[in-house]
Amino acid sequence: MTTQNTPDADARYDRLRELGQQLRVDSVRAADAAGSGHPTSSMSAADLAAVLLDTHLRYDFDDPENPGNDHLIFSKGHASPLVYAMGKAAGALTDEQLLTFRKNGSLLEGHPTPRIPWVDVATGSLGQGLPFGVGVALAGRDLDRVPYRVWVVCGDSEMAEGSMWEAFEHAGYEKLANLTAIIDVNRLGQRGATRHGWDLDAYARRIRSFDWHTIEVDGHDVAAVDRAYAEAAATTDRPTAIIAKTRKGQGVREVADQEGKHGKPLKDAAEAIEELGGARDLHVTVQPPREAAPRLRTGGGTPELPDYKVGDSVATRNAFGEALAALGAAREDVVALDGEVGDSTRAQKFGDAHPDRYFQCYIAEQQMVAAAVGMQVRGWVPYATTFAAFLSRAYDFVRMAAVSRADLNLVGSHAGVAIGEDGPSQMGLEDLAAFRAVHGSTVLYPCDANQAARLTAAMADASGIRYLRTSRGESPVIYGPGEDFPIGGSKTLRATPEDRVTLVAAGVTVHEALAAADTLAEEGVAARVIDLYSLKPVDLPTLREAADVTGRIITVEDHHPEGGLGDAVLDAFTDGRPVPRLARLAVRTMPGSASPEEQLRAAGIDAQAIAATARGLLTSTP
């Protein structure tokens, strides 16, 4: 059936076609000025972007914090010239700014980041924008309870990413009708054709199976695109995917639907611009956001944290769960996300106390972390929890969260060989290294319940990516409830002027270090013991003082030797000062199944191994 347009509609669609051409021209110009970029990927989606910007997006570019603003996420972040061309058309960027694309000091980076106020999240690592969008959509519907819409522009190449299908499943299960995915099916990836080419139905069948509404459309027919967006907004019982057939490099014969043109500026930009009809200077008055009064929430309250009696045995994961529930009572901006292990991580304690702020993401760690990033876009304070080992599945999302300047709390339980009989598939032995490597991160590893509770609360007010490592087994409470544990600090548990060796530990190995110090004391050897609960930032003055006094340091960690506590200690001596004699105890073999005590002994990180290493340092010749 053919839809007849009115004269007014014809004029509007003519203007939208012209706007699409302007977006193409400006994408070509930006990439040409930079000498690099992805203009052809931008050109394929230009008509989709023009209709969205002019008619359906509701956004106040002068007030990016307006709670009623829609959210536009370019999952295909390499199409950044199109993002910036849209900003220019909306009056948020000048033409001069557009031509600083990819230049040193410019906000217009090769892939968009939140350095630009109207960009929510950094993209460019494919497969992430839609999972982030799920989190923003959940926040709008279930937390803020405001009627904004989330629009996510996706590439067809990234449809091969498993994270996309975690997002499709979660959004369909949650019936996120405020979420629309716009899939730019331009047939070509970086090195050639995509898996399904222009077979729109191949995408539609798969997406429909996850309970989405799907619309197949010619992505260069602005009238059809307009109707598709309207249909998506009118669909109130499920999310919508608009699957648009487009041509990469649309409008310029030299590059249109041509392989080998990805990620390159056009050879003759002036000729391409002439073919596209020349430069234009159309300005779009973007539709204003809907009236929205977001849910009131308190933040920054002082929680009534649980107290634990010195001498009792309590697992730090238990203290984390109880502290998180207490934090949630004091602060209505705190939310928790679980990867279907909340009964083990103890995050379920928060869920029991605050079910309206607890989100079950099931065994989909990429989507869990992405949803947390999306929620923090809206100012919520998320804690995402699973086993330390399983966070590795979501590591690229963590890396990109740092690029987004996101504020995110991650908690990994069941870390190290100390979990015992479950064996190496469940043991987080790389997590400290992984999270220490994240830009601007904070890495914490408590050894007892009071310390775990207070660090859980302290994380909420920190910035960047914060990681807390908790333990499965019970450990003795050695700190009173009145102790303070500032991020970047440490605790010196044994110290005298006669100390001859320093034992530096964190988490479960603190108790082994204390036992080793007692053994050495019986032999007449004074050993200093430092609980380095903050592995990043690290307490440099305390470590340097210990080195000056004792001249010998032993680090002991329930972690592989690379990148963990031992390397954190070495950071104290990278400024050119003399390095103390150093021995590093860590898990160097592949563990099997055994009791926690047997695991620590086999790994050479128990009290007996620490004491033996100290004796060796004291008797060997430098």
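Contact here means heavy atoms within 4.5 Å. Helices (H or I, at least four residues) and strands (E, at least two) are DSSP runs, numbered from the N terminus. The model is predicted, so to speak with care: local features need pLDDT of at least 70 and side-chain atom pairs count only at pLDDT 80 or more, while totals for chains, interfaces and linings use all residues. Residues are numbered from 1 along each chain as its sequence is written, and side-chain values use heavy atoms, with hydrogens and water left out.

**Stop 1: two helices**

Select residues 162–174, helix H7, and residues 365–377, helix H14. Their axes come within 9 Å and cross at roughly 70°; axes are lines fitted to C-alpha atoms over the stretch in contact, with angles from 0 to 180 degrees between N-to-C directions. That makes H7 roughly perpendicular to H14, a label for angles of 65 to 115 degrees. Now show side chains: Ser163, Glu166, Ala167 and His170 in H7 meet Glu365, Gln366 and Gln367 in H14. By class, this contact has one nonpolar, four polar and two charged residues. Nonpolar covers Ala, Val, Leu, Ile, Met, Phe, Trp, Tyr, Cys and Pro; charged covers Asp, Glu, Lys and Arg; the others, Gly among them, are polar.

**Stop 2: the largest cavity**

On a 1 Å grid over the protein atoms alone, a cavity is a set of points where a 1.4 Å probe fits but cannot get out, and lining residues have an atom within 4 Å of a point. The whole structure holds three cavities of 30 Å³ or more. Select Leu72, Phe74, Val83, Trp118 and Val119, which lie nearest the centre of the largest cavity among its 18 lining residues. Strand E1 (71–74) and helix H4 (80–89) each give two or more residues to this lining, and E1 gives the most, with four. The lining has 13 nonpolar, three polar and two charged residues.

**Stop 3: Ala79**

Next, pick Ala79 in the loop between E1 and H4. Is Ala79 buried or exposed? Ala79 is buried, with a relative accessible area of 0%, where buried means under 20% (1.4 Å probe, protein chains only). Leaving aside residues up to four places away in sequence, Ala79 touches Ser41, Ser42 and Phe74.

**Stop 4: the largest pocket**

Finally, select Leu126, Asp156, Ser157, Glu158 and Gly189, the closest to the centre of the largest pocket among its 28 lining residues. A pocket is an open set with protein on both sides within 12 Å along at least five of seven lines. This lining divides into seven nonpolar, 13 polar and eight charged residues.

Conventions: Parallel < 35°, antiparallel > 145°, perpendicular 65-115°, else oblique. Points joined across faces, edges and corners; volume = space filled by probe spheres on them. Buried < 20%, exposed > 50% of the residue type's maximum accessible area, 1.4 Å probe, protein only.
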